[in-house]
Amino acid sequence: MQKVKNYIAQHRDRFINELIDLLKIPSVSADPAFNQDVLNTADAVKESLEKAGCDKVEICETPGYPIVYGEKIIDSNLPTVLVYGHYDVQPADPIDLWTSPPFEPVIKKTDIHPEGAIFARGACDDKGQMYMHVKALEYMTHTGNLPCNVKFMIEGEEEVGSESLAWFVPRNKERLANDVILISDTGMIANDIPSITTGLRGLSYVEVEITGPNRDLHSGLYGGAVANPINILTQMLASLHDENNHITIPGFYDKVEDLSREERDEMAKAPFSLEAYKNALDIDDVHGEAGYTTNERNAIRPTLDVNGIWGGYTGEGAKTVIASKAYAKISMRLVPGQEWEEITELFKKHFESIAPNSVKVKVKPHHGGQGYVTPIDNIGYQAASKAYQETFGVTPIPQRSGGSIPIVALFEQELKSKTILMGFGLNSDAIHSPNEHFGVWNYLKGIETIPYFYQYFTELSK
């Protein structure tokens with residue numbers, strides 16, 4: 001243990017500065033305006049893998065943004081770990097809510113991160129956590145401590161649905177062949193309570209458009225006589241939940257797995273303070289599906305949320321107008337068993353059916369993915385658990401996450417291997433939100449812990 005700690009201490013400032021340089025590049029995959037920045041980030045990732053010790057690194061073209069592939073093969077008879085991550089980031093909007101510019105990283109101390117946290121878009125999701133693996137490889141190759149083979153697959157479209165990855169993986173099965181897949185795009189309960197994510201929710205993401213009159217109308221001359229698309233849209237959206245916050249789409253729950261009382265009791269053992277949770281979010285009370293706890297609602301139950309809604313006049317002052325159109329973006333988090341394409345079709349059919357004849361409805365599917373569960377008797381999970389025990393001094397808690405990494409199910413389908421989710425971020429790190437950050441301690445702890453996964457996985461594979 002002391003050897004890896006010494007290496008990290010010796011290179012601490014460089015490790016941090018390299019990540020900061022990576023975070024300065026605004027690799028926003030959702031906005032074409034950042035196209036060159038995304039490509040520049042791929043180049044930077046390629047260079048970092050080469051310096052870390054990969055013998056072969058290439059930028060693989062796809063129909064969209066490229067995938068950076070790297071490998072270090074030391075013995076074909078040894079196990080192979082495939083590391084997945086992504087170099088693209090979410091849009092930084094709303095910019096005015098950031099306390100420092102999103103692509104000008106700064107280190108600030110917080111109550112949770114007294115050693116400081118790096119504030120920048122992508123700090124935790126996923127550049128910081130992806131880069132832990134690059135630096136862990138550097139340690140293992142530069143000190144002669146790499147016990148098995150390693151491959152890297154770092155993509156640039158995770159935040160927009162990984163369409164090019166879904167194209168790439170089936171075409172490169174032999175190149176990507178592995179014994180286990182390792183991902184750090186999740187989190188843990190707390191810095192003193194490590195956890196390993198064993199389940200992910202799936203995702204169905206759609207956009208809806210409501211059209212009323214063929215042009216914007218004067219609300220005095222036409223108000224009360226013509227349907228207002230914004231009014232109609234809000235009524236339709238509100239009807240998607242009943243008084244118990246149960247989703248009203250017919251068939252939505254047909255394939256939802258009901259966890260046993262025993263499994264729910266095991267989940268309840270994870271430390272959780274409802275008051276601290278409310279205080280951290282500055283809310284007076286929680287909200288969700290009746291009959292379930294907060295941790296169950298955001299992990300083992302499906303959800304439907306409006307992510308954005310717009311239409312009409314939103315500028316300064318007043319404009320008395322009935323808009324011609326209104327729009328909303330909607331995400332549905334799904335649990336294992338629910339097929340995202342089927343749920344998307346159920347949503348479309350229901351949403352169209354509840355619209356009055358006074359408007360036209362268009363439902364545009366964006367992207368989606370399946371949920372995933374990793375069994376804790378898998379040797380990959382056992383290796384991860386031992387690694388956390390080594391560096392944290394306690395046994396990590398298995399935990400299902402409310403988030404989605406749709407490509408995990410794709411990996412199992414195409415590559416026939418299990419995925420281990422070793423996350424080092426915290427729920428308070430504000431991913432996808434203004435002021436995203438990643439604790440310096442967490443970043444370095446990840447670099448310290450990852451090499452032990454390689455060691456124990458190799459030992460357990462014999």
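This is a predicted model: local features need pLDDT of at least 70, side-chain atom pairs count only at pLDDT 80 or more; totals for chains, interfaces and linings use all residues.
## A network around Arg-14

Shared partners in salt bridges join Arg-14, Glu-18, Lys-135 and Glu-138 into one network. Within helix 1 (residues 2-23), Arg-14 and Glu-18 are 4 residues apart, about one turn of the helix; their closest N and O atoms lie 2.9 Å apart. Arg-14 is partly exposed at 31% relative accessibility, and Glu-18 is likewise partly exposed at 22%.

Arg-14 also forms a salt bridge with Glu-138, where the closest N and O atoms are 2.5 Å apart. This pair links helix 1 to helix 3 (residues 127-142) across a separation of 124 residues. Glu-138 has a relative accessible area of 3% and is therefore buried, the limit being under 20%. The model contains 25 salt bridges by the rule applied.

An open sheet is formed by 4 strands in the order 11-13-9-14, with antiparallel pairing. Strand 11 (303-311) and strand 14 (360-369) stand at the edges with a single partner strand each, so one side of each lacks a neighbour in the sheet. Neighbouring strands are turned by 15 degrees against each other on average, direction ignored.

Strand 9 (residues 202-211) is joined to strand 14 by 9 bridges, and Tyr-205 stands opposite His-367 in strand 14. Helix 11 (residues 340-353) lies across strands 9, 11, 13 and 14, running at about 165 degrees to strand 14.

Key:
Residues are numbered from 1 along each chain as its sequence is written. Side-chain values use heavy atoms; hydrogens and water are left out. Two strands pair if DSSP finds at least two bridges between them. Helices (H or I, at least four residues) and strands (E, at least two) are DSSP runs, numbered from the N terminus. Axes are lines fitted to C-alpha atoms, for helices over the stretch in contact, and angles run from 0 to 180 degrees between N-to-C directions. Contact means heavy atoms within 4.5 Å. A salt bridge is a side-chain nitrogen of Lys or Arg within 4 Å of a carboxyl oxygen of Asp or Glu. Buried means under 20% relative accessible area, exposed over 50%, partly exposed in between (1.4 Å probe, protein chains only).
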